[in-house]
Amino acid sequence: MITFDQTNKIFHLSNGQISYVMQIEEGGNLAHIYFGKHVETYSGGYRYPRLDRSFSPNPPGSTDRFLSLDTLMMEFPGNGFGDFREAAYDIRHEDGSHVTHFVYHDHQIMQGKPALTGLPQTHGEAAAIETLCLSLMDETAQLELKLFYSLFDDTAAIVRSSQLINHHEQNVRIEQFASQSIDFPNRPLDLIHLQGAWARERQITREPIHIGTKRLDSKRGSSSHQQNPFSIIADPQTNESQGECYGFSLLYSGSHETIIERDPYAQTRVIMGINSYHFAWQLGTGETFQAPEVVMAYSDQGLNQLSHVYHTFYDAHLIRGAFKSRERPVLINNWEATYFDFNEEKLDALADEAKALGIELFVLDDGWFGKRENDGTSLGDWFENEGKIASGLANFAKKIKEKGLQFGLWVEPEMVSGDSALFRSHPEWRLAVPNRQPAVSRSQYVLDFSRQDVRDHIYHQLQVLFDRVPIDYIKWDMNRNMSDVYSLLLDPAQQGEVAHRYMLGLYDFLEKLTTAYPHILFEGCSGGGGRFDPGFLYYMPQIWTSDNTDAIARLKIQYGTSLVYPPSTMGSHVSAIPNHQTHRKTDLSIRGHVAMSGLLGYELDLTQLTTAEKAAIKEQISLYQRHRQLLQFGTFVRLLSPFEGNDTAWMYIAKDRSEALVFYFRVLTEASAPLVTLKLQGLDPQKRYDSAYGVIGGDELMQMGIYIDPHLAGDYVSQMYHFKASE
Ligand code: DGJ
């Protein structure tokens, strides 16, 4: 899959679906040539043209006026020595200079994919992966840059990461170090990205890329509600079903940045990695800095195909453990049912009702520990709130299990409340600058997870808890962002390392915890979907998508999330009306249809429902259970976008194309409205499908489609259609 043409110094990575081409240019400069649809053999004819561009310097050591690093398509660009565009790295040397010029040193092509130490990573059978490791050197600084490119034989994606190794006897200070960079030749391009806020996560935004620089980032110490670490570069004509597009997905849960620059010659550079904001890493002699992985995917059949590449790749090569590819349980969560105001009696009643309706997992959310009766106290005290559950937490959990439900618990281990036993005994364990009051958020501070002693203490508390209470599921929450980033254990010169050391500490903690408790299903959460990223998915196979449980708001949130994350990762609950976030009232049916489009759960007081509502929920659950494999692991296709109008539709297709489920949602009704038609996708044109519309050929369903029932009346309505191939 990976070849090196020794004569022309060309690397060609290809797997029948994609090609990625680089060339070692004069002076050892590594140039980018191409990323896109597979080309069988590359002739060498697409070499960057030689042209004298005024005010674009020639490479150090070269007198060739026709070659400039300022215009060449670069593979991992630096600046300060002739390229004036954005750089993939910035290194400050002991003499105060910032010039680091990496040139080709050697390379290795290997079977499999070398492991990354301490970071989330994609994985697979060595026989199905090939990796190119390129080594570049700056001889003056004695610095080595390693670029890794892994190609999986079943995927239209390249996994990239980078490493910096210091061979000098002096330290260097890394002020920026991206995971990847890529240059696109002059062509009109759009940028698509997922921005948002709390309760409004992952909203699809699309804009043309103009000359200049755009920066998409999170400085929050988490991947954030604000900007997901995912972007797409697309041809302006690309839509869901046609056109070229390139995805960039960073496996990192901390602050990140994506820099998009269109240069004066209309070439576009895309750089992605850890955020350089307040970042500075001292790299000592012999030390290595490893940047997180980026999965770069390609599609020439539109955005749905790009999402399909990510969904299948992440389901197969990112998610790990006992729950990989395993159907996830339908849960009841008591948060919106009771908030902090619960006792054993209330929980018992909720659990009994849940069981009667067919729910499989009972989750006890916030409020069971320390002295927690509101959000102002007790984070850090991961022992039982004595007396709140009369028979005790362990007994209660056993009772839940005796009822035939699994038992789950909420924790927020990275945080400490000012009012907590932990904070009183260890005020120095929070992130704070000495002699300064740190910012509080939700009345809490962030624990310094870069410290081993802090992590050990929290780990021990969780261990005691997990060993005492029969736990099947953990919801791992994080309800504020990082500020006052400073660790008392590090030198002043190392304070720029704290945010990343925190992430490494957290990943180390999660690795240990999830390995020690492999039977526990972990669900990530950060005030809803504030840390919904592939880094977290490496440790936890599912994530609470948003605190916003309103069915209408969820259409956009889930549609946006689906651009890169598979349905098997998206926690999605039916909640009460009026909705607690938007105060909107919607029918139980649309709430059910939206929630069953992800990992179905319920988060409302089931005991307050009418008999008819209970019957409807029972039916929803049994429907979901019948189609769970399809809904969690089927091929997901977006049909109508909530960002473009009043109608939303998506569908799931079985891997063997033997059945499909189609969901249609309408926000507002209209008099004399045009009829809505849906052309289905992904079916077998040779098969005939049994449905509410009769027995219809797959070709007909895809070419002609179906009319949505014109008698569907009112606002906030939905329909589900099942298509089953006849024998
Ligand atoms: C934020 C989460 O997203 C909610 O689901 C809930 O667990 C609360 N935290 C509890 O404090």
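**Close-up 1. Helices α10 and α11 in the predicted model, roughly parallel to each other.** The axes of helix α10 (residues 588–595) and helix α11 (residues 611–626) cross at roughly 25° and come within 11 Å, where axes are lines fitted to C-alpha atoms, for helices over the stretch in contact, and angles run from 0 to 180 degrees between N-to-C directions. The two are therefore described as roughly parallel, a term for angles under 35 degrees, with those over 145 counted as roughly antiparallel, 65 to 115 as roughly perpendicular and the rest as oblique. Helices (H or I, at least four residues) and strands (E, at least two) are DSSP runs numbered from the N terminus. Residues are numbered from 1 along each chain as its sequence is written, and side-chain values use heavy atoms, with hydrogens and water left out. Because this is a predicted model, local features need pLDDT of at least 70 and side-chain atom pairs count only at pLDDT 80 or more, while totals for chains, interfaces and linings use all residues.

**Close-up 2. The packing of helices α6 and α7.** Helix α6 (residues 452–468) and helix α7 (residues 498–516) have axes that come within 11 Å and cross at roughly 25°, which makes α6 roughly parallel to α7. The crossing in which α6 passes α7 is right-handed.

**Close-up 3. The packing of helices α3 and α4.** With their axes 11 Å apart, helix α3 (residues 344–357) and helix α4 (residues 393–402) pack at an angle of about 20°, so α3 is roughly parallel to α4. Here too a right-handed crossing is found, as α3 passes α4.

**Close-up 4. The surroundings of the ligand.** The ligand is surrounded by 13 residues, the closest being D365, D366, K475, D477 and D547, where a residue is near if one of its heavy atoms lies within 4 Å. An N or O atom in the side chain of D365 is 2.6 Å from an oxygen atom of the ligand, and a polar side-chain atom of R442 lies 2.9 Å from a ligand oxygen atom. The protein buries 97% of the 290 Å² that the ligand exposes when taken alone, areas that come from the Shrake-Rupley method with a 1.4 Å probe.

Technical notes: Polar contact = N/O pair within 3.5 Å; in protein donor to acceptor, adjacent residues only side chain to side chain. Left-handed = near helix turned anticlockwise from the far one by under 90°.
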